[in-house]
Amino acid sequence: MNNIFQMYKRKKLPHFLVLGTQKGGTTSLQKILELHSHVFLPSCKEVHYFTLHYEKPASWYSGHYQKAKWFQKRGDITPYYLFHPEAPLRIHSLLPRARLIVLLRDPVERALSQVFHARRHGFEKLGVEAALRAEEARLARGTLFSHQKHSYLARSRYLEQLDRFEELFPRRKILILRSEDLFINTETIWLQILKFLNLPIKPLTMSLPRANSGKGESGGVKLEIRDRLKNELRTTVEGVKERYGFDWGW
């Protein structure tokens, strides 16, 4: 452990990671964390070291943090970490002392938001219903592109993803929050995050931005599609309530 501590100091590796979920408010969280003088975040929001760039040496990763001051907590906000099956072990191997933050959004709303996000950015050419039907076959092909871009329902199955991290990290090192609470009870959640990261308590000087949000497209989704998604994700919702004590009022 002493060797790991020295590596943290020498290579300036992250103290904390925001693992996800995608379309769960991580960009908004980034915006307010950037305002805290004791936090350092890289200029790029998503470093993707443990997913897309793991072939690079740890020195490449630490290079993103060389400008951090000695008193700052260094963070990495990359939502793909939560879903990538190899990320937990990779993270634990390099950052066993890291603190982990997860934002969980209503899984149906999250899945639909990802579909529309993919369509806006050109990753998805199919309509909502067709994209959801095509997901299983796309993921079965095993391509990295579909795993990252077309994993609509799969990313909303939170328990399987969290299991991988909870097998490696002590529960006290993982803060799991309901995304909606970040926007509804911002000050309360902000204080909870600061205490979890052992940061000086500072009030927010701005309202929480709705960064990287959609354009309200999901409001037009057919009720039968929503009902089908609820049926498919009900086990997730029930499991989250039992394990973490919150749900989405279904």
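The legends below describe close-up views of a predicted model.

**View 1. Crossing of helices H6 and H13 in the predicted model.** Helix H6, which spans residues 107-120, and helix H13, which spans residues 223-244, have axes that come within 9 Å and cross at roughly 125 degrees. H6 and H13 are therefore oblique to each other, and the handedness of their crossing is right-handed.

**View 2. Residues that make the contact between H6 and H13.** On the side of H6 the contact is made by Pro107, Val108, Glu109 and Leu112, while H13 contributes Arg226, Leu229, Lys230, Leu233 and Val237. Sorted by class, the contact of H6 with H13 comprises 6 nonpolar and 3 charged residues, with no polar residues.

View 3. When its neighbours within four places in sequence are left aside, Arg243 is in contact with Leu159, Leu162, Asp163 and Glu166. For one of these pairs, Arg243 and Leu159, the separation is 84 residues in sequence and 9.1 Å in space, taken from C-alpha to C-alpha.

**View 4. Side-chain pairing of Arg243 and Tyr244.** The side chains of Arg243 and Tyr244 are joined by a polar contact of 3.1 Å.

How values were computed: Residues are numbered from 1 along each chain as its sequence is written. This is a predicted model: local features need pLDDT of at least 70, side-chain atom pairs count only at pLDDT 80 or more; totals for chains, interfaces and linings use all residues. Side-chain values use heavy atoms; hydrogens and water are left out. Axes are lines fitted to C-alpha atoms, for helices over the stretch in contact, and angles run from 0 to 180 degrees between N-to-C directions. Helices (H or I, at least four residues) and strands (E, at least two) are DSSP runs, numbered from the N terminus. Angles under 35 degrees count as roughly parallel, over 145 as roughly antiparallel, 65 to 115 as roughly perpendicular and the rest as oblique. A crossing is left-handed if the near helix is turned anticlockwise from the far one by less than a right angle, and right-handed if clockwise. Contact means heavy atoms within 4.5 Å. Ala, Val, Leu, Ile, Met, Phe, Trp, Tyr, Cys and Pro count as nonpolar, Asp, Glu, Lys and Arg as charged, and the others, Gly among them, as polar. A polar contact is a pair of N or O atoms within 3.5 Å; within protein, one must be able to donate a hydrogen and the other to accept it, and residues adjacent in sequence count only if both atoms are side-chain atoms.
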